[in-house]
Amino acid sequence: MKTTLLSKMLLLDVIMVATMLILTVALSVRYSINQLEMSQEQNLHNMAHILATSEPIITALKTGESTPELDSFLDAVIASQNNVDVITLADMHSIRLYHPDRSRVGQAFFGGDEGRALQGEHYLSQAVGTLGFQSRYFYPIFDHDGTQLGFAHVSMLMSNLDSLKANVLRVNLQTLAIVLLVGGLAAGILTMSIKRSLLGYEPDQLARFFVQRGEVMDSLEEGLLAVDEHGSIILANSATERILGISEETMRGKDVDSIIPQIGLKESLGGAKDDNLAITLGDESILYSRMPLNRKHRLIGAMAIMRDHSEVTRMAEQLTGVNHLLDALRANTHEFMNRLHVILGLLQGGNVDEAKRYIMDISHVQSATITTMTKTIENQTLAALILGKINRCNELGIRMHVRSDSAIPRRSRFLPTTALITIVGNLVENSIDAIQERGEAEGEAEIALLINENEHALQISLDDTGTGLSPEELERIARPGYTTKGIHRGTGLRLIRGIVENYGGGMTVDSEKGVGTSMTLAFRQVRHVSKTAESFRRL
């Protein structure tokens, strides 16, 4: 039976709990040893306090010598107390009056830790005495009038206590080492097994990656549809749900041919890879690519990437400026048809002379406009766009003109024609929208365009008398996709900003609510053209 991840984690938890219990026992042993040390300190303190307040000892320190009775009494105390190995009485000069080893009486106290006792403090200390390493308690001895006479020192040799503590620690450390070894081996085996199950990832890493990748896939405009090696759907992002109109919960685990047989995704399970295929789902045209999925040279499934054909076309038109050129052509055609209708009406009414004058006037105005445009705007594609925008503005009752100081060569040194089309087309359309949004407010509806290029820089400026922007809107305008115009209308400024960033330009916006907006773009970085592109350009 296949062990589940839950059972593995449960087993690991049991081992961890057992280990914690063992550690708790070890801490308990340590606590007991600490209590033993505290008890020892208290016993030494009590004994030292009793001796320091004993009348015979006070008398001995006042006279400066011990008596045989006092020596016998102290010897008996040492013999009767298991936790007392050494008692020492010393005067204020640290000269011993009593010591179990009578040969040391009259000699200076040994250890160097008696200084605080000579200053009236009582305390515990650990130091090397004449009989070895000791736990020593010092207690000052005072006369009845408060004069310090010396100190009493009571100590216990640490060898026996250390031996007992060492035995306890050794047994517990051995047990702990065995448990840790077994637990470590078990944890290591379980960890390797779990990692193999999780493809080498830790559980928290896998959960984080799952959430992150799910969010990334759901944020894509493209639909992602993946199947396993049997053709069952294992993944469908939000875009796929939108395109197919079916939720992922409904699709998951179903055979892909029962959901969307048109894409033939099972063919990719045989190794087929196809790009930019087209199908029709309902009223929508879908572009898709399909490919097999392999891991370590083993087929594990297949995936399809889908996108709305009309959306792809719309984006391509925005990126290349084709939509603006088409708008210009439509405006020119519409203006031309309007004039033809006027001429036809005059001729049908018998007003031949009036028709002639109208044609001459149109020819004169058109000739002047085209002549001015071709002199200042040598880029024919850009000039055609601007003429179309002028005609469109005329239809809308907006006066658009190109400033007389405009001048741009046939091929810009700073921007390609497609970028110029995108910038100018979007700037004009934004101004038209702003003027129309203003409505019938007082003042002339006007757009002024300046395009000027010299050997140092390219400048594109556009001023309009539209609704303008508030300071808050000016701050938010830098955000990608920000717009007040509705869905699919916030990409124009984003495309302009992308061109500015890609070609090292700068952009400034000056606007006042209810007055209008002035936008200026400047490019000073000469663009690099490949030798292949340059050779084609010269043909």
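Author: Let's start with β3 and β4 (residues 132-142): the two run antiparallel and are joined by seven bridges. If you want one pair to click on in this predicted model, take S125, whose bridge partner in β4 is R136. β3 and β4 belong to an open sheet of five strands, ordered β2-β1-β5-β4-β3, and the pairing is antiparallel. At the edges you'll find β2 (96-98) and β3 (123-129); each has a single partner strand, so one side of each is left without a neighbour in the sheet. Going from one strand to the next, the twist averages 35°. There's a helix on this sheet too: α3 (residues 68-80) packs on it and touches β1 (86-91) and β2, with a direction that makes about 145° with that of β1.

Now for the other sheet. This one is also open and has five strands, in the order β11-β12-β13-β15-β14, but here the pairing is mixed. The edge strands are β11 (399-402) and β14 (505-512), and since each has a single partner strand, one side of each is left without a neighbour in the sheet. Neighbouring strands are turned by 10° against each other on average, ignoring direction. Inside this sheet, β13 (residues 458-464) and β15 (residues 516-523) run antiparallel and are joined by seven bridges. A handy pair to look at there is D464 with its bridge partner in β15, T517.

α13 lies across β11 and β12 (446-453), running at about 155° to β11. α14 packs on the sheet as well, touching β11, β12, β13 and β15, and its direction makes about 15° with that of β13.

Those two helices also meet each other. The axes of α13 (residues 380-396) and α14 (residues 417-438) come within 10 Å and cross at roughly 10°. With the cut-off for roughly parallel set at angles under 35 degrees, α13 and α14 are therefore roughly parallel to each other. On the α13 side the contact is made by T381, L382, L385, I386, K389, R392, C393 and L396. The α14 side brings T417, L420, I421, V424, G425, V428, E429, I432 and Q436. Sort the residues of that contact by type and you get 10 nonpolar, four polar and three charged.

Notes: Residues numbered from 1 in each chain as written. Predicted model: local features only at pLDDT ≥ 70, side-chain atom pairs only at ≥ 80, totals over all residues. Heavy atoms only, no water. Axes fitted to C-alpha atoms, helices over the stretch in contact; angles between N-to-C directions. Helix = DSSP H or I, 4+ residues; strand = E, 2+ residues; numbered from the N terminus. Parallel < 35°, antiparallel > 145°, perpendicular 65-115°, else oblique. Contact = heavy atoms within 4.5 Å. Nonpolar A, V, L, I, M, F, W, Y, C, P; charged D, E, K, R; others polar. Pairing = 2+ DSSP bridges.
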